[in-house]
Amino acid sequence: MKPITIKNRPSIGEARSRVAKEVLVIREEVKVPERLLVMASGRHYFIHTYGCQANVRDEETMAGLLEKAGFQKAKTEQDADVIIINTCAVRENAEDKVFGQI
């Protein structure tokens, strides 16, 4: 892997004063195998998220992938076929909540 070299770093003042123009986000399209589409059809998922905003963002990503595969979001964990407990190991409090939930 090549090392990354940062040649030009703006000051905090310069960074704050920037106005975002148009941002182009390119993501690779996820191709869901037919076998998974058949398996997920009619099934439901439920995600418990503990921790920071990054964990919430991860939940959104997982939900999008599950829905693309054919799962539907369950209203309660009792209605779910798949339950995901999402947290980080950096924050001890979030990790303790997960172990308590299990």
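Two strands pair if DSSP finds at least two bridges between them. Keep that rule at hand for the tour. The model is predicted: local features need pLDDT of at least 70, side-chain atom pairs count only at pLDDT 80 or more, and totals for chains, interfaces and linings use all residues. Residues are numbered from 1 along each chain as its sequence is written, and side-chain values use heavy atoms, with hydrogens and water left out.

**Stop 1: the whole chain**

Show the protein chain as a cartoon. There are four helices and three strands. Helices (H or I, at least four residues) and strands (E, at least two) are DSSP runs, numbered from the N terminus. Follow the chain from the N terminus, and the elements run α-α-β-α-β-β-α.

Of the 102 residues, 17% are buried. Buried means under 20% relative accessible area, exposed over 50%, and partly exposed in between (1.4 Å probe, protein chains only).

**Stop 2: the sheet**

Select the three strands. They form an open sheet in the order β2-β1-β3, with parallel pairing. The edge strands are β2 and β3, and each pairs on one side only. Strands of a sheet pair through backbone hydrogen bonds, either parallel or antiparallel.

Zoom in on β1, residues 44-49. Two bridges join β1 to β2 (residues 72-73). Between β1 and β3 there are five bridges.

Select tyrosine 45. Opposite this tyrosine, in β2, stands lysine 73. The chain gets from β1 to β2 through helix α3 (residues 53-69), and this β-α-β crossover is right-handed. Right-handed has a viewing rule: with the strands pointing away from you, the path from the first strand over the helix to the second runs clockwise. Tyrosine 45 also has a bridge partner in β3, valine 82.

**Stop 3: the nonpolar core**

Which residues make up the largest nonpolar core? Select Ala40, Tyr45, Ile47, Ala63, Leu66, Ala69 and Phe71, seven residues in all. β1 and α3 are the elements that give two or more residues to this core. α3 gives the most, with three. A nonpolar core is a set of buried Ala, Val, Leu, Ile, Met, Phe, Trp, Tyr and Cys residues joined through side-chain atoms within 4.5 Å. In soluble globular proteins, nonpolar side chains tend to be buried together.

Stay with isoleucine 47. Leaving out residues up to four places away in sequence, isoleucine 47 touches Glu59, Met62, Ala63, Leu66, Ile84 and Asn86. Contact means heavy atoms within 4.5 Å.

**Stop 4: asparagine 86**

Move to asparagine 86, in strand β3 (residues 82-86). Is asparagine 86 buried or exposed? Asparagine 86 counts as buried because its relative accessible area is 9%, under the 20% limit. The bridge partner of threonine 49 in β3 is asparagine 86. The side chains of asparagine 86 and threonine 49 are also joined by a polar contact of 3.3 Å. A polar contact is a pair of N or O atoms within 3.5 Å; within protein, one must be able to donate a hydrogen and the other to accept it, and residues adjacent in sequence count only if both atoms are side-chain atoms.

Beyond four places in sequence, the residues that asparagine 86 touches include Tyr50, Asn55, Asp58 and Met62. Select asparagine 55 next; this residue lies in helix α3. Asparagine 55 is buried, with a relative accessible area of 4%.

**Stop 5**

Go to lysine 68 in helix α3. Lysine 68 has 36% relative accessibility, so it counts as partly exposed. Beyond four places in sequence, lysine 68 touches Glu29, Val30, Val32 and Leu37.

Last, select phenylalanine 99 in helix α4 (residues 92-101). Phenylalanine 99 counts as exposed, at 56% relative accessibility. The C-alpha atoms of phenylalanine 99 and isoleucine 85 are separated by 9.9 Å.
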